[in-house]
Amino acid sequence: MGTPTNDSRREFLKNLSWAGGGLLLGFQWDSVEASMPSLLNVRQATAPAFNSYLAIAANGQVTIFSPNPELGQNIMTSFAQIVAEELDADWKQVRVEQAPLDAKRFDRQLTGGSGAIPHSWTRLRKAGASARYLLVGAAAGRWGVPAQECTTEAGFVHHKPSKRKAGYGELAEAAAALSLPADIPLKDRKDFKIIGKPVKNVAGRDIVTGKGIFGLDVYREGMVHAVVQHPPAFGTKLKSFDASAAKAMPGVINVVSFKNNVAVVARSTWEALQARKAIHIEYEKEAAIEHSTDHDRWMQEMLDSDKATVRRRNGDVTAAFQSAAKVVQAEYQSPFLAHNPMEPMNFFADVRSNGVELIGPTQTPANARAQVSKLVGMPEDKITLQLTRLGGGFGRRLRNDYVLDAAELSMILQKPVKVVWTREDDMTGGVYRPAVRYRFRAALDKDGNLIGYHLRGAGINADNSTREDNFPSGAVEHLLIESIDHKSPITTGAWRAPTTNFLAYAEQSFLDEVAAAAGKDPVQFRLDLLAKARQQPVGAVKYNIERMEAVIRKAAEVSGWGKKKGVAQGFSVYFSHASYVAQVAEVTMRGGKPSLSRVYAAADCGQVVNLSGSRQQVMGAIVDGLGHAMYGRISFKEGKAQQANFHQYRLIRMKEIPEVEVVFVENDFDPTGLGEPALPPTGGAVANAIFGATGIRLYQQPFADHSLFKG
Amino acid sequence: MPVYSIKVNGKLQQADVAADTPLLWVLRDHLRLTGTKYGCGIGQCGACTVHLDGNAVRSCLLPISAVGKGLVTTIEGLSEKGDHPVQLAWEEVDVPQCGYCQAGQIMTAAAFLKRTPNPSQQQVMDAMQGNLCRCGAYHRIREGVMAAAKKVAAKKA
């Protein structure tokens, strides 16, 4: 390591006034040319992307600001681990704070697509390494020794030849006066002490002691409580309402209408909820009023039509099927699903003439601010958004409709408002995972080789219901992937592992059917296809063949694939969000019904950041995938969701979980996300195991509807 | 409206609310004890679980008028220093994901362990069946309750 110089190409920002003379560091990782000043005050920073942020107080406490919304993926812990690792911080002195929305300091400040870790990995490492570099420089300067002779460990810089050491806290101020060279060396992975270890959730203490850290827990002086009645059926709009009785009820401040909504504003939540029941509202038809029976029929009609959009085509699928020795065909269908994060939708807004304050849970804070800016007609720099912890998201809080409710009401009432949606409001109000139906066809030659593959997906507001480049694309000579969609007034959106949460089940079940028709073991069948994709790739191969093979082999190994007696095993493997997960489910018969006893998972997410959090993500995703495959369904009658709360929409509970064993494949790849990738394979593994135990294949979710589980 | 006096976490508290107001909303909106969560409002999810005279109850279904002289304990009052065996076990096992349902899970577990200090895994699952966790953290919730039971047993020994 050399002495810090002034030839930094990157900005190094400091603010000495923070936390009683400590060091506040921020790093912008864009390749800014040398003409940029190397030292800036943080308040002068105008650059668009400013990616990480940490502070060292004089007492040695390290504060790491976590920019991305935390919804249980444990990003606050993993981000801090990465920074602390390269900083060589003492983990016991690390504190993590949720950063507010700040487009100048951070980029990609959102939670979705399992993208935060891969996006931020190098940025966060460099942030920690840069701060460490400066602290070493400060110590070397103080002692008059070469920086190369200094080492760091757990919050201290050491100079072993002279047996001197200094804490980061006492070096922080001097370090802030130094600047950075262009390239900061990063650690060798074998030296990691914090990354890859099981580190406990940094919010654990607040959670177990019931601290008010969620959006619903926001209370402000002068704040009023609001509940909003949205149109109860998709395809309808507000016609008229009579709120005279509601307005006379205790605690009610006002009843107002905006867009197609009627809102009650009261001094407490309960009073608002009671008054809402007393409003008489009439609605009228605005668009198509749909039923689930319509959806079933339309999806069937779409599968039979020739108007599908081609997503990928290799070879000549028609000719392949004509020459096939055997053709396998099957259709798989899934219903709409609600997200149901445990914390219902809510947000706080205070719209004043000179600015807007927003506080609450959202997966997309920048989008929320942009929409509010448009709504209230105020520029974004007049709007602050403080993120609270999110009580789950699963994609629901990508959409900020409830933020707009709060902002609009605050604007109308000229008061700070907290809007709360009830469970019923959320479950019946959209956004849903779209309903889809898939038709798969496979052509086998006389030796059982897969020579043709045709998938047509039909959905209701699903857009492209396929993932055209996923396995087995690349491994089949003649392949056609198509999709067709019906536009519906029912609002749909991303639901944890969008599209693949159901497509993976359908595809992995179908591949089992094809393997059986080919007379091959399901695991070997998949490995043979991957070998084909390597030796004779057909078109682009957009997954890593070796990584997929490795998780397949690992799952087969840890589960004792094909070697167990008295238990039916089902296999599944899927690549999504840049990670690879294979699963083996085990089913036994109990009282004539299939019972899922165990799921093995082998995951490859590259470098594991937090071994505890990562295991938890995989286990939780399996429970989630299983629960929704078994029980989840939103159905519609006259445009209205037929399930409004948990007595009608069954979620998985503790007694329904199988034992889960998780292993991670070790390799040298950078980390990829894990919030979603372990969910897609579960349904297929379970359905394939159920087939093994019963000879019955499940073509429709929820599985619990099948006669196998009745009686 | 009547003024109700209820004893919460050892303190007498007053709330001027309608008789049918659920304890949940009194705790949250009036007493600002926000650790108790709203999840479904119909007793299905358990996020609002508190203790009434030591028993786990759903505060979303309990009208303030029915509390009477009962002693209410919320997550904030479960222990003085956040060191109830269930809370300590929860941290050790690293149970929470999003964390929203956890106060309800902890309150259910604490009341259960008082009645059943040495539970089997099956008894734990029966006791926790009423509490939903949308993140699916059930394995660690179960492990947390078992670990807490060991702590309670160790304390007594």
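Select chains A and B: together they bury about 5,100 Å², 57% of it on carbon and sulfur atoms (buried area is the accessible area, with a 1.4 Å probe, that two parts lose on being put together, summed over both). This is a predicted model, in which local features need pLDDT of at least 70 and side-chain atom pairs count only at pLDDT 80 or more, while totals for chains, interfaces and linings use all residues. Residues are numbered from 1 along each chain as its sequence is written, chains are lettered from A in the order in which they are written, and side-chain values use heavy atoms, without hydrogens and water.

Show the interface residues next: 57 in chain B are in contact with 64 in chain A (contact means heavy atoms within 4.5 Å). Colour B:Q129, B:R134 and B:H139, which supply 17% of the area that chain B buries against chain A, more than any other three residues.

Now pick A:K655 and B:D126, whose side chains meet in a salt bridge at 2.7 Å, N to O (a side-chain nitrogen of Lys or Arg within 4 Å of a carboxyl oxygen of Asp or Glu). Across the interface of chains A and B there are 6 salt bridges by this rule.

Move to chain A and select A:Y543. Beyond its neighbours within four places in sequence, A:Y543 is in contact with residues including A:D469, A:F471, A:L530, A:M548 and A:F575. A:Y453 and A:Y543 touch the most other members of the largest nonpolar core, which has 170 residues (buried Ala, Val, Leu, Ile, Met, Phe, Trp, Tyr and Cys joined through side-chain atoms within 4.5 Å; buried means under 20% relative accessible area, with a 1.4 Å probe and protein chains only).

Key:
Buried < 20%, exposed > 50% of the residue type's maximum accessible area, 1.4 Å probe, protein only.
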